[in-house]
Amino acid sequence: MDVSEHVLSAGRAVLDMVEREWQPLSPGELEQRLDQAVEEILEADLIAKLKSQPPPTLYVQLLQSQPNMGPQVLHTATAACSPPEEDTAESQEQLDTVDSAALKRITDLLQSSKSRARMAGRARLSLSHTVLLSLTLLSERVSYRSVSRRFHLEKGNIHRIFFSFCERVNMLEERLIRWPVGEEVVESLFPLYSPEKGQRDEEESVPQVLGVLGHTQIPIRLPIGKHDVESTVPEVKKMKKEAHPDSWLNLELLCNRRGQFLHCRIGKGSDVDRGSALRDKLKQHPELMPPGSCLVARAGYPLTAQILTPYIANHGLREELFNKMLDEHFQILDQAVASLRARFQRLRYLDIGNYDRARAVVLTACVLHNLFLDMGQVVQGEVKKEEAVTQEGEGEVNDEGVSRRDAISDLLLKNFESGST
């Protein structure tokens, strides 16, 4: 084999490697990039002419109202046809918290995940830029058109990139949303309440809380087929006045005192499962709960020896003290949910009519929430009343749960009376 054949062989190997790793530009993307280049040339020429002439009053006012616009002034004309982007300054501030260390961490995790296949639709886009693009869509309330202009990619390709990213992140669920084991359990436990000083016997009997259980709702676009507005069926007429149950996702979460998620279950709005799957899991694997520990949950969740819920009826002083104590713990979950929404603002409303894809986006946000907390990147969202979801009525109860709740309530009342005398 002569030198030329060696060169040809090496060239074919390089081309094969490039084709495996990168996708060529699609005709639409090539046309968009050419249009973008022409726009930039025309803008530069127009701005140069404007600078050489006395600026009109409207142009001065526009510049004064948008001090950071710079050479992008003319882009506002084309952007005016797109939906208004809300909370731009706030969302950009949240995105700025994603530093190079976080990008590298996510990129490394994706490279080391079970699926090593190249993500779809990357079209000359590096993995780090894929992560940045996807975080932009999650963190900001922006349209695909806006992201398309920012990253110089076709909107359809951005759609494929984003959902491919979500699928890959979903594979990290077991690594980043997991039940504490070993020393992690000791670090996660904290007392259900603090007895008055000198109550040593009571201190030993106070349960330790492993996590706070609750849920929130993520609004999504109603799937096609649910909009039968012309129907005369009574249920459909009622749906016109009330939100259809499948116009949101139920996000059930269990978090520790740091706000990290230990359990995550995502279901349709019509699929209401208040902790029954988690209850069955704990029943089958009692070793998951350390001796003397418990979970606390809002009303509507099952009351068991492992899951404590508030009293619903017959409120005396004892029941009120117990419920007030649980409310203090529920603030931990409310803050975690508020922080999740603040960091990933797309969760305010998912314009996705496909349930599986909407679920993948929500799970991606939950996985990344834990990752950012592991890195010490905390976003404090504002807790709003609508985020503190409550469920009327008591869920399923068993005798062990009733006995344990009553015993704790008795101790709490005794502690209160001893402290008030």
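A residue counts as buried when its relative accessible area is under 20%. That cut-off is applied here to a predicted model.

Start with helix 7, which runs over residues 127-139. Helix 7 has 13 residues, and from its first C-alpha to its last it reaches 18 Å, close to the 18 Å expected at 1.5 Å a residue. Ten of those 13 residues are buried, so helix 7 is largely enclosed by the rest of the structure. The buried residues are L127, T130, V131, L133, S134, L135, T136, L137, L138 and S139.

Is E140 buried or exposed? Its relative accessible area is 2%, and because that is under the 20% cut-off, E140 is buried. The side chain of E140 also has a partner: a polar contact of 3.1 Å joins it to the side chain of R150.

Now turn to another pair of helices. Helix 6 spans residues 100-111 and helix 9 spans residues 155-170. Their axes come within 10 Å and cross at roughly 75 degrees. An angle from 65 to 115 degrees counts as roughly perpendicular, which means that helix 6 is roughly perpendicular to helix 9.

Which residues in helix 6 and helix 9 meet? From helix 6 they are I106, L110 and Q111, and from helix 9 they are F165, R168 and V169. Sorted by class, this contact has four nonpolar residues, one polar and one charged.

Key:
Residues are numbered from 1 along each chain as its sequence is written. This is a predicted model: local features need pLDDT of at least 70, side-chain atom pairs count only at pLDDT 80 or more; totals for chains, interfaces and linings use all residues. Side-chain values use heavy atoms; hydrogens and water are left out. Helices (H or I, at least four residues) and strands (E, at least two) are DSSP runs, numbered from the N terminus. Buried means under 20% relative accessible area, exposed over 50%, partly exposed in between (1.4 Å probe, protein chains only). A polar contact is a pair of N or O atoms within 3.5 Å; within protein, one must be able to donate a hydrogen and the other to accept it, and residues adjacent in sequence count only if both atoms are side-chain atoms. The expected span of a helix is 1.5 Å times one less than its number of residues. Axes are lines fitted to C-alpha atoms, for helices over the stretch in contact, and angles run from 0 to 180 degrees between N-to-C directions. Angles under 35 degrees count as roughly parallel, over 145 as roughly antiparallel, 65 to 115 as roughly perpendicular and the rest as oblique. Contact means heavy atoms within 4.5 Å. Ala, Val, Leu, Ile, Met, Phe, Trp, Tyr, Cys and Pro count as nonpolar, Asp, Glu, Lys and Arg as charged, and the others, Gly among them, as polar.
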